Amino acid sequence: MAVMEEKIATAVRTAYENRKPLDICGAGTKSFLGRRVGETEKLDVTAHKGIVEYDPAELVLVARAGTPLLEIEKLLHDHGQMLGFEPPFASAGATLGGAVAAGLAGPRRFFAGAVRDFLLGATFVNGRGEVVNVGGKVMKNVAGFDLFRPMARSMGTLGVLLQVALRLLPLPEAEKTLLHEETDETAALRKMNQWPCQTQTISAACWDGNAIRIRLSGSTAGIRHAASLIGGELLDHTRYWQELNNLELAFFNDQGRLWRVCLAPMSTPPGLDGRQLLDWGGAQRWLKSDQAAAEIRSCAAALGGFAECYGDEPATATFHPLDGKLLAVNRRFKAALDPAGILNPGRMYPEL
Amino acid sequence: MSRDTVNKDPLLARLQAALPANCIVADPVSMKPYECDGLSGYRQMPRVVVLPETVEQVQAIMKICQLSGTPIVPRGAGTSLSGGAMPHKDGVVLSLARLNRILDIDADNRTARVQSGVRNLQITDAVQDLGLYYAPDPSSQIACTIGGNVAENAGGVHCLKYGLTVHNILQLTMVDLDGELITLGGTAPDMPGYDLLALLMGSEGMLGIVVEVIVRLLPKPQVAKVLMASFDDIEKAGNAVANVIAAGVTPGGFEMMDNAAIGAVEAFVKAGYPTDAAAVLLCELDGMEDDVVAQIGKVEKLLSDSGATSIHLARDEQARARFWSGRKNAFPAMGRISPDYYCMDGTIPRKELGRVLTSIYQMSKKYGLGVANVFHAGDGNLHPLIAYDANQHDEFVRAEAFGAEILDLCVAVGGTITGEHGVGVEKIERMCVQFDDASLAQFRSVREAFDPDGLLNPDKAVPTLARCAEFNRMHVHHGELPHPELERF
């Protein structure tokens with residue numbers, strides 16, 4: 001695999017010398033995210049795969065970026081463990097590197113943490129074709145700048161990930177879904193955000209306009225106790241959460257453009273046109289709407305949040321625009337890692 | 001520098017024009033408390049100390065320093081254990097201690113917006129009536145500031161379950177070298193742009209001056225119970241820690257003390273630890289009552305199967321407080337039995353705990369210095385306390401060499417030279433052991449992106465390549481230094 005690593009580094013070095021932009025590709029399950037990269041050469045990293053280190057007792061996994069998530073999830077499951085951020089699109093072939101670079105996380109994110117919260121370290125090729133090693137594989141580590149957590153959600157624009165180290169979670173003893181009827185948005189938000197004060201077993205909370213679904217993860221006794229506190233019908237409903245995570249629920253096929261609106265969970269309802277599905281206790285709102293993009297974005301921004309468009313129209317920018325000062329510091333950071341601007345240029349923003 | 005030359009200093013004149021007189025400390029006697037932080041072996045008098053009371057004053061100071069090319073060393077409460085707040089001889093010490101207001105508490109979203117000079121424990125004190133608390137709890141939490149916690153990505157006992165500073169800060173506002181305010185992160189998840197919030201965590205004041213943060217608050221767990229387990233063998237105790245975590249239990253805190261630490265603590269506070277034990281583990285389980293009860297049974301069995309010679313459950317709050325009092329007083333207890341101690345901070349994979357502790361005892365014999373271990377076992381974060389006498393120069397030199405050898409071993413077993421104390425001036429050479437040239441060069445270019453002139457906390461945390469080349473010539477891996485009698489900075 002040292003050969004593969006050298007091959008990738010050489011490809012980036014050559015691109016750096018020739019100032020030729022690269023389009024870094026994993027399995028392509030998230031190609032709908034972000035802007036189209038202009039004239040580029042493809043750099044396929046899926047061949048750089050395999051588990052490098054996994055000692056279940058440490059709850060730490062080190063794996064190469066091209067490793068399919070399915071392979072990782074199966075291995076972890078066999079040892080009673082899991083990836084705490086529930087990355088989507090595993091069944092479609094998504095790779096570990098792509099999952100980190102896109103930084104998407106499933107329903108558990110609001111309760112267990114984002115992709116970045118589970119990262120312990122990374123090895124990547126920077127825009128000069130140099131192999132950089134940051135972080136490590138232990139829980140606490142403050143040596144050197146944290147350049148590994150910012151890899152999450154950077155869409156491959158800061159470095160070509162070679163391998164990452166992740167903290168894992170033990171699989172819960174049991175998991176159940178509670179269906180709790182509620183039609184009022186404000187009441188639903190209040191409940192989803194107050195229940196976690198009474199129990200640590202909640203691992204997902206979403207509201208579809210008719211009912212709140214709460215996923216309970218923990219000991220059988222703990223789940224029973226939490227269910228009696230919250231009230232509602234106890235179901236085995238693992239598929240629902242998978243379909244929500246993979247954007248496969250009927251809601252996602254509705255008319256209208258798909259937006260992801262993120263806010264502090266207990267924000268005033270933002271007054272958007274269209275149908276909404278609230279996940280992460282209300283912190284992540286899926287919106288189906290044909291309202292003007294600028295209006296949606298300004299509604300979200302007014303509440304301290306943002307809106308991303310998951311459209312199939314290349315003309316629509318996915319990511320929420322950055323204000324001038326923030327954009328400037330993002331540009332300087334990008335230039336420190338990729339001075340020639342050859343790594344997925346423009347995938348996030350035209351300027352990055 | 002005499003008072004006369006200070007008074008003629010054009011920098012001082014500019015600062016005096018921009019700040020009220022009570023915000024400037026320039027006479028050597030008053031500046032004395034600022035000459036070092038918690039790592040008192042490293043001292044340096046600054047040119048001037050400023051204590052701004054408003055964010056606007058911080059902005060003005062930054063502009064003055066940038067224009068005059070003056071180094072800036074930010075400082076919170078000065079509790080750093082790695083010399084991160086040690087002054088620069090030509091520079092300004094920028095104390096954030098007076099930015100100490102809690103600005104807003106949002107009970108619904110469980111967040112608090114506070115200025116960077118607010119003390120860690122002050123946040124929990126302000127929100128506990130709401131049933132909330134701020135989770136990261138470094139042992140200096142009575143004194144240390146949240147801004148300092150950001151600079152070091154501080155941890156503590158509870159970060160095993162509830163995360164480090166990086167996991168508990170949602171937003172920060174910093175002043176850059178141009179004196180401009182920049183806000184990173186936000187109360188919504190996954191804010192747009194790069195995760196520069198994470199980059200700032202543990203950046204040791206080299207990327208900007210943090211003036212305000214929004215912290216995440218957690219609901220207080222319903223119940224917390226603590227188990228104390230004794231072992232007659234240090235390796236068995238280390239393996240017990242690994243076994244409990246491997247079984248899928250995440251304790252709220254999981255601490256270990258070795259025989260030397262137990263002896264020091266018992267002589268000081270009488271926490272009820274068995275003084276003949278090779279090691280004691282404290283394992284706290286928190287959450288809902290039903291869950292905690294079930295977990296206690298599971299953990300008791302795991303500890304017993306791992307060879308614990310005795311296991312005690314604190315039956316009530318009073319007993320729980322007594323068990324913890326020993327751990328919490330371990331540092332002052334060491335202070336009573338040794339004139340000075342040098343607190344190290346490395347992290348290793350849990351499975352290496354037993355082996356590394358055994359090696360540390362062998363090193364203790366080799367260097368002729370006592371050592372006590374009291375640390376966050378659950379996340380493999382070691383804190384060997386090396387006993388020495390600062391009045392004996394030779395002992396200080398040996399203590400440093402002993403500490404360095406421990407850190408080299410941490411790296412060799414797959415760990416790191418610092419878990420939560422930072423690199424500062426103390427461990428800057430150890431960076432050359434942990435990182436290769438390409439990675440160090442990358443750190444430097446990131447630093448330059450924020451601070452092209454190298455004014456923010458210079459000569460700390462990230463070594464130059466020249467310094468590493470020099471160090472690597474001197475450094476014999478896992479062995480003696482060529483000239484241990486020489487002081488090397």
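Biologist: How many residues does the contact take from chain B and from chain A?

Modeller: This is a predicted model. Two residues touch if their C-beta atoms lie within 7 Å. The contact takes 67 residues from chain A and 66 residues from chain B.

Biologist: Which helix gives the largest share of the side of chain B that touches chain A?

Modeller: Several helices of chain B supply at least two residues each, among them α10 (234-246), α12 (289-305) and α18 (437-450). By class, this side has 27 nonpolar, 26 polar and 13 charged residues. The largest share is 8 residues, and it comes from α18(B).

Biologist: Why is chain B as compact as a globular protein of that length?

Modeller: Chain B has 19 helices and 20 strands. The globule rule gives 23 Å for 489 residues, and chain B comes close to that, so it is as compact as a globular protein of that length. Its radius of gyration is 23 Å.

Biologist: Which residues have the most contacts inside the largest nonpolar core?

Modeller: That core has 219 residues. Its largest share, 8 residues, comes from α10(B). Leaving aside neighbours within four places in sequence, Val160(A) is in contact with residues including Ile8(A), Phe124(A) and Leu343(A). The residues with the most contacts inside the core are Val160(A), Leu281(B) and Ile386(B).

How values were computed. Residues are numbered from 1 along each chain as its sequence is written. Chains are lettered from A and ligands numbered from 1 in the order in which they are written. This is a predicted model: local features need pLDDT of at least 70, side-chain atom pairs count only at pLDDT 80 or more; totals for chains, interfaces and linings use all residues. Helices (H or I, at least four residues) and strands (E, at least two) are DSSP runs, numbered from the N terminus. Ala, Val, Leu, Ile, Met, Phe, Trp, Tyr, Cys and Pro count as nonpolar, Asp, Glu, Lys and Arg as charged, and the others, Gly among them, as polar. The radius of gyration is taken over C-alpha atoms; the globule rule is 2.2 Å times the number of residues to the power 0.38. A nonpolar core is a set of buried Ala, Val, Leu, Ile, Met, Phe, Trp, Tyr and Cys residues joined through C-beta atoms within 7 Å. A residue is buried if 20 or more other C-beta atoms lie within 10 Å of its own, exposed if 12 or fewer, and partly exposed in between; C-beta atoms are placed from the backbone.
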